[in-house]
Amino acid sequence: MDMRSNVDLVDRRPALVDPHEDFQAITKRVAAPIEWKTPIGWWLFFIPSVLLAASYGGSVAYLVWEGTGIWGINNPVFWGWAIVNFVFWVGIGHAGTLISAVLFLFRQKWRTSINRFSEAMTLFAVACALSFPTIHVGRIWLLYWVAPVPNSMLAWPNFRSPLLWDVFAVSIYGSVSLLFWYVGLIPDLATMRDRVTSKLGKFAYGIFALGWRGSTRHWRHYEVAYMLLAGLATPLVLSVHSVVSFDFAVSQLPGWHTTIFPPYFVAGAIFSGFGMVLTLMLIARVIFKMENIVTMHHIDNMAKVVLLTGSIVGYAYAMEFFVAWYSGSQYELFAFINRATGPYAGAYWTMVTCNVVIPQILWFQKMRHNIVLLFIISIFVNIGMWFERYVIVITLTRDFLPSSWGYYSPTFWDVSCFLGSFGLFFTLFCLFVRFLPMIAMAEVKTVVPEADPHPEEAATGGAH
Amino acid sequence: MSHTFPRWTNKIPTIVALAVPVIGVGVVFGMLYWFSPYFTDVGYMPTQPVPYSHKLHAGKLGIDCRYCHNTVEKAAYAAVPPAETCMNCHAYVKKNSEKLALVRQSYETGESIPWIKVHQLPDYSYFAHDVHVTAGVGCETCHGRIDQMEKVALHSPLSMGWCLRCHHNPEPNLRPISEITTMGWEDSPEAAEYDWASDPHRIRNNLQPPQNCSGCHR
Amino acid sequence: MTTENETLNKPDIPSRRTFLSAMGATVASLNTAACIRKPYEKILPFGQRPEDRVPGRPEYYATAASVGASVVGLRVRSNDGRPTFIGSNKQHPTSKGGTPAWAQATVLELYDPDRSRTALMDGASVDPAGAAGAIRAMGKAIRDAAGRGLAILTDETPSPTLFRLMKTLKEQFPEAQQFRHDEMGEANGQAGAAMAGIPNASFSLNETPAVIAIFDADPMGTEGDTCAFDHAFASGRDPDAPRKNRLYVVEPYVSLTGSNADHRKAVKPSEVPAVLAALASELNSHGYELPKLAGADAASDKFVKALAKDMAKNQGVSMVMVGERQPPQVHALAHMVNAALGAYTKLGAWTQSDAPEFQTADELVAGMKAGTFKYVVSLSGNPAHSIPGFADAAEKAQVLHLGSYLDETARIAKLHVPKSHYLEAWGDLVGRDGSVAIQQPLIAPLHESKSAIEVLATILGSKESGYEQVRDTHRSHVASGDFEKSWQVWLHDGVVQSHPVQRVEPAIQAAQIEGYPKAGSSDLEAAFIRDLTVLDGRFANSPWLQELPDPVTKLSWDNALLLSPDTAEKLGLKNEDMATVTLNGASLDLPVWIQPGTADDVAVLPLGYGREGVGQYASSGFDVSGLRPVDGTWSASGVQIKKTPGSYRLACQQLESDQYGRPIVREASQTDFTADENFVAKFEVMKPEHIDSLLWEEPVLPWAKGEQHQWAVSIDLNKCSGCSACVVACQAENNIPWVGKSEVLKGREMHWMKIDRYFKDNNGQFEVKYQPMGCAQCETAPCENVCPVGASAHSPEGLNDMAYNRCIGTRYCANNCPYKVRRFNFFHYTVRNDGEYGMGITMQRNPDVTVRYRGVMEKCTYCVQRIQRAKIYQKVNGGGDTKVKDGAIVTACEEACGTGAMVFGNMADPESRVAKMKNNPRNYAVLAEINIRPRTTYLAKLTNPNPELAEG
Amino acid sequence: MSNKTFGVLAEFDTPASVFEACEKVRDAKFSRWDSHTPFPVHGLEFAMGMGRSRLPIFVFACGISGASGAMLLQWWTSAVDYPMIIAAKPFFSWQAFIPVTFEAMVLFSAVSAVLGMLFLNRLPRWHHPLLTSERFKSASDHKFFISIEASDPQFDPEKTPEFLHSLGATYVELVED
């Protein structure tokens, strides 16, 4: 019987990886980017990123020295881009864990080619996200007061505050994602340890490989632990963006005080996350010649997810208006009409176009398979989702009393902090793709046909 | 081929596993003590421009606190007395003492004696002596045995937690109004069986020490 | 507390030393607010403590201040020798316990670093001795010349001592001449009164008229005894007032008075006389003996007819008022109308002023040009700027300038002497009703300054001590021997009881008035107005008043060319466009601001801004005085306005003027109210029973557990004229920084209290609604819930405490505040103020209020420092009774408010004023529907329209 | 390098072959042995005669303690130690405390899962004899191994390697300790 048929004998679907890849080939291909001499393309990304990241550091230093007044925030818009960026990054940070955890639980084997990649993205996005609420407070040197540690003031944090929930939710989300990502890395680190020749390499990979020996006795606990982490990360990923949405929903401001925020935020998060994964994946796949492992099949699936979540988000936009009208509260209704027609209508319609209209193109498979187009769409999704958060925050300009209405415009420092965070993100990302296996080798190997210890049963259709 | 890591490295995990919790707890409670006024402030004893001895005046001579700090019952500040007050006696007693030169000078020229502040609250917290005194909190309770201090030293941390503990539960620190300035009353036998609630001489028995922010921060 | 007053005039008063000690504390607070390591502090006790001085306990002294001839009685607080807050003197008859915004700001003016500090002789500074010598020398020279060639120029400050000294001067040296000029004065009014046969007398309003017709006057804002008028007006707005009043206003621009009108008619300045004439002739046809001036009836219309009818109906209790901006003839006619209506007999009294005879400014200039004057002694003001031609004529004379700033006059003066602030020098002031108040200093002069009295006395060669001079003036008023005793009483009360008042019965002859102005031209007219915050510019260097938004336009830090919407459209101008205004030769570029309610074809030009070389703040805005006609009239025709390229950003503090149909300011007419007492309920968005159905039970509401104090505020929108004195008072009391124009433009002003104002188009008639808005101490405060560190929590007495030193600055609370009354220190504004104002601002600061650090949220807590002080006082001195009496605590805003619009008190005490107000049917809470349960509630506004004019 | 033997190492080419080999080794009643694969081979642990991992119970316990600990902390700080009136809500407003409780639960269980796994696997162990074998490097790439330790009672320096050869090992070597 032909073990190289184009059908994955394990689950009778189109092969997840190019059937001509065997274990060794996979290892080679995945390890290649790390063993190559650094490609020019990498430097082209890395150097600008580092510069941007440095500018972020500079901006933050000036911010702490001078005060948050250097931003465009004012009364009534006390939260500006800082919070917009925070929610934007947290949102992006969702796809990773979702792909790894949820798809893992649902036994979606196609995830194996992209989960490592998107988990890394999650981590770096969350790192950027965490930086914003940290620097946006007025007295950053007292931020430790949010931690419930005994002190000589006998004072404790206020656990009723959504912001405190946020502190816990996002930081814990970050830590758990890190664990999840690292646990997944251990076997591949071992692989690298066994491949590298340099002393430093052996040492570095050796340390983090923890002396992994691929022992079945280890795999046994390892698989359970990984399963449990996936099981925990799944509710976590849903809770985090719900909690983030509470920052707005728990307040009583028109346009913020909405019960649909949690689901709507989560959908938006997945949407933006997949958008970002696509953006990065499409680049990396080309630069590092991963077409055989990250196949059209994967890309097509991701495009479908984008289409689905994008439509959910669109539905939420519509629903907001309905609820605002149905609530009978003149403040609510005004807030939403003002979004679409007020001084910031531009931002609103940008959001709608990028998030709802443009993704509809993906109904057509032809489009889903057009890499360039897909890339452009993914960029639009990123833009649109940033504007979604901007639109929400900017609702502050017109709340209850017309006497307190105002306007908001960002300053140079708002922009520099925002761009700077991208610098941080891409710097980390470049380092990741250069020094760590960006695809989970061990996992990919499990979905290769030869991975099955009972080929003959499989061939004769033996059940599993 | 040789090992990348020597054998002893296998012990590291055990060591870390044992050390981390210890260090963690250590840091938290270390900060709680070494970063708090209990450690940083208590015992602060600067040398004053005039070597005035409370031990002598308040202790040996038994001058009542209110003779000099005469605003303690009617104002927030228990004011440091003007040189005038010193001169009431020292115009006759030790009139030529070197130590008193500064006092005499201050009395004549009106220039202030630059006393160094010992009991120093941050400017965002407001303390009123008068209300505490009328509630029956003795000098000793916060300032300690002044009558035994040659140089005045800080007796209490004056930290928020320290204040609050008494505001949560003032009873143990209350004494008869007549004993306000008595030093050493806390250790005396009558302190043991004193029941503030049934004291007929108290001006008021309905104490409600504030525990909300604006009680002290304005 | 009065025993110390003597010590104040003795040379050795302990002022500067106590500053230093206080300084230590305040400066240190800047560091400690950040919880950085404690700084090293010293205690600086007195060498000999003044009697009754308790360190740290504030003391209060009665004194008085004046602008023009308007006197305000004050009760000033002093902390350790530093005047820190201007309170109101409830006993003063002409201010009736009110304080205008400018009076509140004078406490900062005292410490203004731009005040001139040393005397200048020919521009070179001289030591105090030298200056005194120079004045004495000049005095000697003058006396030797028997006063020949002496011109004394003063403003309208009504000081009996000054009057006495001038009279003695005139007696001793008949050839000496005395002139008077005051931009805030009432030259036209006095001329008009003289025409009508009541020279040198003043009218004081004692009770509210039933019908008030204002002709281009602003008795609430910038003219006359504003507090007295506000008080009288407010007393007639209550539904249960013995006499309700109705306010008609005819004016070219929206004055503060106009913004409170029941009926308002916007006409060009030159048309105002015609309207009054029309009213006169209408009244004539109602049988009053009043002239029918030529063409008067032409100006008559529905408004005038209704007004006349209304006045006739209220015979004796209705009156007209004409403003300083109108020529004397119009005033004269007004007096005739009032006499005919019998207003002067019932509503108030005329008092004979004991001021000497004065000549006018242009006579002075003429004399100077002619070289008649060798010595010109300018005791006040800045004549080189305010009197056209003075500067050029000055070369011929030696000018002695007594002034607070090194202004235009100081620069041309032979000898400039710094002028003492009224908080630094002895003086006295007589009000329009003849009541006299003693000005007692709270502090020795900070700089080498002299008061007008001292300078004049020196020139006269009399006793140079202002203290002695003032005492001499009033010694005679005490019949019996114990002058000292009554002197103490006067100082304590702030009013001289036994001062003789000479009332006059106005004998107004109903003759024809010569040269009554004819109806106005058809072209564009300019109207120069006094600014509502900096007045004529004398307070232009006060950052508080610069940042205080104009109650009507809400502009701060600038003046602008105000135009009506139609006129602006006609000229193709919109907000913040630059326009060139050309008027008799002179021209000026300034920005445009469209103000609804302004009369068409009128260019309104507020005075007092853009003063170069006075101080760091005075230069902001545009100096329109250059456009003003040389004769100093207040309006002129023949203005050209054309758009010029470029635009200019104006710092407007309220960008929306419409209520968008939201029930924020609730109002009804008196008649509708009597028809339905509970009309406010009609506005409710949600039914109370729906609001109260909560998800959680409320076990921790301590106010449900019989706490004896429950603080609350009630604001009667009927009584609030929008004067904004409370805003400045709040700023002074609570160490609120100013942020400057650039920050205001970003929307970062720090005022804890703001006066929201909304415009309303009441079928064609332009109306303004005011609503004071500060933290309402919501019981279910949205801000508290969201603070991650619990920096904002409730006190059991219902206060929404804000612990500045716990705040880490997430700003979530401010986002979640439905009233947006929380203020954030985006920058270190405190330190910025210190940088600009130096030690001055630190001296003014209230030691009982924390100075806030950068990155910290702040807001109103009902002056919690005053609450705590009163509670502690009660606990210490109450002998077991810890319940604070109603009225024992007065918040800063309440203290500044003369009309009693704002009442703070204990809700839990059913007898308290505030509890009673909460039971008033007009009581309502803004945004009650979101169940925040504000402790600050409002009494709905009641208008009193004339039924005949009500329907459009 | 000491001459003490750690054990014998046998190399296999396919998952299938190592799977069968493991079953045989298991039936031969070896106790101190192990198999090494570059990825978890489906069901191999059962082929080696091992049961399910007990990790989940441990994780569950930690999760519960994390959750209850968090709720306890919130209750004590805001209702007992220093109760403050916040927006007129109950001192112990448990509804508002749920998010933090949940997050703590997740954190505790996640950390315990990882630490528990490392503990049960006695990892990290950087120094291990097998890591010295050149051939063994491919255990993390494409080869499959069975190692039988010398400390196993049935171990015999001659017989055991032959036994492994007989199971179809493509290569067998002795590993020094």
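## Fold of chain D

Chain D contains five helices and four strands. In sequence order, these elements follow the pattern β-α-β-α-α-α-β-α-β. The radius of gyration of chain D is 25 Å, well over the 16 Å that the globule rule gives for 177 residues, so chain D is more spread out than a compact globule. The model described here is a predicted one.

Along its principal axes, chain D has C-alpha atoms that fill a box of roughly 80 × 35 × 30 Å. Of the contacts in chain D between residues at least 6 apart in sequence, 78% join residues at least 24 apart.

## Surface and charge of chain D

Of the 177 residues in chain D, 58% are buried. The accessible surface of this chain is about 7,700 Å², and carbon and sulfur atoms account for 64% of that surface. Chain D carries 14 positive and 19 negative side chains, with the centres of the two sets 6 Å apart.

## Fold of chain C

Chain C comprises 34 helices and 41 strands. Its radius of gyration is 28 Å, close to the 30 Å that the globule rule gives for 952 residues; chain C is therefore as compact as a globular protein of that length.

The C-alpha atoms of chain C occupy a box of roughly 85 × 75 × 65 Å along the principal axes. For contacts in chain C between residues at least 6 apart in sequence, the share that joins residues at least 24 apart is 74%.

## Surface and charge of chain C

Buried residues account for 67% of the 952 residues in chain C. The accessible surface of chain C is about 30,700 Å², with 54% belonging to carbon and sulfur atoms. There are 98 positive and 112 negative side chains in chain C, and the centres of these two sets lie 4 Å apart.

## Two open sheets in chain C

Strands of a sheet pair through backbone hydrogen bonds, in either a parallel or an antiparallel manner. One open sheet of chain C has three strands in the order 9-14-20, with antiparallel pairing. Strand 9 (201–205) and strand 20 (503–504) of chain C are at the edges, each with a single partner strand, so one side of each lacks a neighbour in the sheet. Strand 9 and strand 14 (residues 348–352) of chain C run antiparallel and are joined by five bridges. L205(C) is opposite G348(C) of strand 14.

An open sheet of four strands in chain C has the order 38-31-40-39 and mixed pairing. Its edges are strand 38 (902–906) and strand 39 (923–924) of chain C, each with a single partner strand, so one side of each is left without a neighbour in the sheet. Strand 31 (residues 711–716) and strand 40 (residues 936–939) of chain C run parallel, joined by four bridges. S714(C) stands opposite T937(C) of strand 40.

Technical notes: Residues are numbered from 1 along each chain as its sequence is written. Chains are lettered from A and ligands numbered from 1 in the order in which they are written. This is a predicted model: local features need pLDDT of at least 70, side-chain atom pairs count only at pLDDT 80 or more; totals for chains, interfaces and linings use all residues. Side-chain values use heavy atoms; hydrogens and water are left out. The radius of gyration is taken over C-alpha atoms; the globule rule is 2.2 Å times the number of residues to the power 0.38. Buried means under 20% relative accessible area, exposed over 50%, partly exposed in between (1.4 Å probe, protein chains only). Contact means heavy atoms within 4.5 Å. Accessible areas come from the Shrake-Rupley method with a 1.4 Å probe; for residues, only the protein chains shown count as cover. Lys and Arg count as positive and Asp and Glu as negative; His and the chain ends are not counted. The place of a charge is taken as NZ of Lys, CZ of Arg, CG of Asp or CD of Glu. Two strands pair if DSSP finds at least two bridges between them.
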